[in-house]
Amino acid sequence: MSPVRAVLGLYRGAPLAVRAHVRVRWATCPMQAVAAAIPAGGRVLEVGCGHGLLANYLALEAASADPRDAAPRQVHGIDIDGPKIEAARRAGVASGASFSATAPGLLPNGPWHAVAIVDVLYLLSEAHQRDLLRACAAALAPGGVLVVKEMSPSPRWKAAWNKFQETLAVRLLAITEGGGGFTFLPPEMLAGWMTDDGLSVSHRDLHKGYPHPHHLVVGKKIASAG
Ligand SMILES: C[S@@+](CC[C@H](N)C(=O)[O-])C[C@H]1O[C@@H](n2cnc3c(N)ncnc32)[C@H](O)[C@@H]1O
């Protein structure tokens, strides 16, 4: 079975709300494009993994890869939301990914060959976004990658639609933990910070075919950088 079909199957025993959430999430977020930026082997950390959809997908992809290709990929997801981590952990029994609940701003010990952050930064203040990216860059092994998927403030109509949905999710339905406000920063700003942190950075939009302004920023740690 392909990892795409398999990952949704991992949640078969989960409550209806979780099953519905991961299906909608998979359909509306370009997870495979994010996954394509993650190396095939090594230690991978996902920060703010929610129900563990990407982390579990990455673990399943590794399980279906040719074992001669690379060192095995080991995936760990963290989140501040205990019940989501519990759902991720249950699904992770079959994928091989591991999960732990964390306090905001804390990262498990590196070094990591990849750190992924998908739709988390906008829930943090600008200062906390800066701190988290700096900490993630510092935790990378030489040659490791920091993969950030966020919502861009443009195109403006997609950004407005996204903000409306997020207001429902965070403020009214309480599906997502967050401080209450949203801080959508231009991808160029995130890319500039990551460059300052010693990464070689590229970014591109991923919103074609989606109603949301998805944007991917990828920074690779230059081998000689601190
Ligand atoms: C919109 S959800 C995205 C979840 C997952 N990354 C995905 O793509 O499906 C944002 C997640 O970030 C988590 N979160 C918010 N602030 C965080 C922080 N400081 N550290 C770790 N996770 C955080 C929330 O609990 C929530 O699960």
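Start with Glu 61 and Arg 73, whose side chains form a salt bridge with an N to O distance of 3.0 Å. By salt bridge I mean a side-chain nitrogen of Lys or Arg within 4 Å of a carboxyl oxygen of Asp or Glu. Glu 61 sits in helix α4 (residues 53–63) and Arg 73 in strand β2 (residues 73–79), so this pair, 12 residues apart, links distant parts of the chain. Helices (H or I, at least four residues) and strands (E, at least two) are DSSP runs, numbered from the N terminus.

Before going on, a word on the source. This is a predicted model, in which local features need pLDDT of at least 70 and side-chain atom pairs count only at pLDDT 80 or more, while totals for chains, interfaces and linings use all residues. Residues are numbered from 1 along each chain as its sequence is written, and side-chain values use heavy atoms, with hydrogens and water left out.

Back to the pair. Are its two members buried or exposed? Here buried means under 20% relative accessible area, exposed means over 50%, and partly exposed is in between, with a 1.4 Å probe and protein chains only. Glu 61, at 24% relative accessibility, is partly exposed, whereas Arg 73, with a relative accessible area of 11%, is buried.

How many salt bridges are there by this rule? The count is 6. One of them joins the side chains of Asp 197 and Arg 130, at 2.9 Å, N to O. Asp 197 lies in the loop between α8 (187–196) and β6 (199–205), and Arg 130 lies in helix α6 (residues 126–138), so the bridge ties together parts that are 67 residues apart in sequence. Asp 197 and Arg 130 are both buried.

Helix α6 also holds Arg 134 and Asp 131, 3 residues apart, or about one turn of the helix. Their side chains meet in a salt bridge of 3.5 Å, N to O. Arg 134 has a relative accessible area of 41% and is partly exposed; Asp 131, at 40%, is partly exposed. Elsewhere, salt bridges link Arg 25, Asp 119 and Lys 149 in a network.

Arg 25 brings us to the ligand. Which residues are closest to it? They are Arg 25, Gly 48, Asp 79, Lys 84 and Val 118, out of 19 residues that surround the ligand; a residue is counted if one of its heavy atoms lies within 4 Å. By class, this shell has 9 nonpolar, 3 polar and 7 charged residues. Ala, Val, Leu, Ile, Met, Phe, Trp, Tyr, Cys and Pro count as nonpolar, Asp, Glu, Lys and Arg as charged, and the others, Gly among them, as polar.

Now some distances. A polar side-chain atom of Asp 79 is 2.6 Å from an oxygen atom of the ligand. A polar backbone atom of Gly 48 is 2.7 Å from a ligand nitrogen, and a backbone N or O atom of Val 118 is 2.9 Å from a nitrogen atom of the ligand. Taken alone, the ligand exposes 600 Å², and the protein buries 93% of that. Such areas come from the Shrake-Rupley method with a 1.4 Å probe; for residues, only the protein chains shown count as cover.

Last, Pro 104. This residue is in the loop between β3 (98–101) and β4 (112–118), and at 68% relative accessibility Pro 104 is exposed.

Note on methods:
Polar contact = N/O pair within 3.5 Å; in protein donor to acceptor, adjacent residues only side chain to side chain.
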